[in-house]
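Please look over the model below with the following numbered points beside you.

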Amino acid sequence: MTLDIERIPTLGDNYTYLVVCTESGEAAVIDAPEAEPVFAAVERKGCRVTKILSTHHHPDHSAANPALAERYGAPVLAHVSDAERVPGFTLGVDEGDTVKVGQHVARVLFIPSHTLGHIAYVFDEGKALFSGDMLFAAGCGRMFEGDANMMYDALCKKLSALPDDMQVFCGHEYTESNLLFAITAEPDNLDIKNKLERVRAIRAKAADDWHDASPDEMTIPSTIGEERTTNPFMRARDSEELGRIRLAKDSF
Ligand SMILES: [Zn+2]
């Protein structure tokens, strides 16, 4: 069974994902702020969109839900608490629920703090985590609605417990600037240093317009194993340390 994952560049630095079950041709769209790039990718793939998934309510992850739902006649899934906030919301999911995309199954993880209704989708067999704005490569999203305890549970317990080879597909191409902060948080960490060099080489090829980005200028996916060695937030020993690092990053 193959899970085909297309990375669609949207807005200025967002990632929208088109996840296709190659056996059935069924597909899910994850975190779409713009409809047109998704329409084009779906056309190219010749897949059938049966679900629209949001990790959280922010417009840069959900604004295109109604347009996609109308075009594909597909339900819009998000956390059960976000019925009033996620555009086009039709179906609430929560920790422990599963979401099928053709023959593939994703588990829902409840990981609040960037927002109070933030979830992740984990395809255990497909080895793919869709982490929205909670976990970025070498970073994490701001704590807009929750606290450091919630963030510690999400990053350092739930997501950190996933296998090393789990691929991380996050909401933004922020890897280079995150690594620049990470190296100040952990100046002696060689894994961070090496990854920064690698990422700089990749990003040096970047197109002027993110919409035109080709796969070879994308630093996503990362992996959970890599995050465990290079992500200062996931590496925090307790919620207090995590809160301190988050505060430092806010003003970096
Ligand atoms: Zn967000």
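1. The largest cavity is lined by Tyr-15, Tyr-17, Ile-30, Asp-31, Thr-55, Phe-130, Ser-131, Gly-132, Phe-169, Cys-170 and Gly-171. A cavity here is a set of points, on a 1 Å grid over the protein atoms alone, where a 1.4 Å probe fits but cannot get out, and lining residues have an atom within 4 Å of a point. The model is a predicted one, in which local features need pLDDT of at least 70 and side-chain atom pairs count only at pLDDT 80 or more, whereas totals for chains, interfaces and linings use all residues. Residues are numbered from 1 along each chain as its sequence is written, and side-chain values use heavy atoms, with hydrogens and water left out.

2. The space in this largest cavity is about 30 Å³, a volume being the space filled by probe spheres set on grid points that are joined across faces, edges and corners. Strands S2 (14–21), S10 (128–132) and S13 (167–170) each supply at least two residues of its lining, and S10 gives the most, with three; strands (E, at least two residues) and helices (H or I, at least four) are DSSP runs numbered from the N terminus. By class the lining has six nonpolar, four polar and one charged residues, where Ala, Val, Leu, Ile, Met, Phe, Trp, Tyr, Cys and Pro count as nonpolar, Asp, Glu, Lys and Arg as charged, and the others, Gly among them, as polar.

3. Tyr-17, one of the cavity-lining residues, also belongs to the largest nonpolar core, where Tyr-17, Tyr-121, Phe-123 and Phe-130 touch the most other members out of 27 residues. Such a core is a set of buried Ala, Val, Leu, Ile, Met, Phe, Trp, Tyr and Cys residues joined through side-chain atoms within 4.5 Å, and buried means under 20% relative accessible area, with exposed over 50% and partly exposed in between (1.4 Å probe, protein chains only). A second, separate core of 24 residues includes Leu-135, Leu-159, Val-168 and Met-234.

4. Lys-195 lies in helix H6 (residues 190–203) and counts as buried because its relative accessibility is 3%. Its side chain makes a polar contact with the side chain of Ser-222 at 3.2 Å; the term denotes a pair of N or O atoms within 3.5 Å, of which, within protein, one must be able to donate a hydrogen and the other to accept it, and residues adjacent in sequence count only if both atoms are side-chain atoms. Beyond its neighbours within four places in sequence, Lys-195 is in contact (heavy atoms within 4.5 Å) with residues including Glu-226, Glu-227 and Thr-230.

5. Asn-65 is in helix H3 (residues 65–72) and is buried, with a relative accessible area of 0%. The side chain of Asn-65 reaches the backbone oxygen of Pro-87 at 3.1 Å.

6. Ser-160 sits in the loop between helix H4 (148–158) and S13, and it too is buried, at 15% relative accessible area. Leaving out residues up to four places away in sequence, Ser-160 touches Leu-155, Ile-224, Arg-228 and Met-234.

7. The largest pocket, an open set of points with protein on both sides within 12 Å along at least five of seven lines, holds about 230 Å³ of space. Among its 14 lining residues, Phe-136, Cys-140, Gly-141, Arg-142 and Tyr-174 lie nearest its centre, and the lining divides into four nonpolar, five polar and five charged residues.
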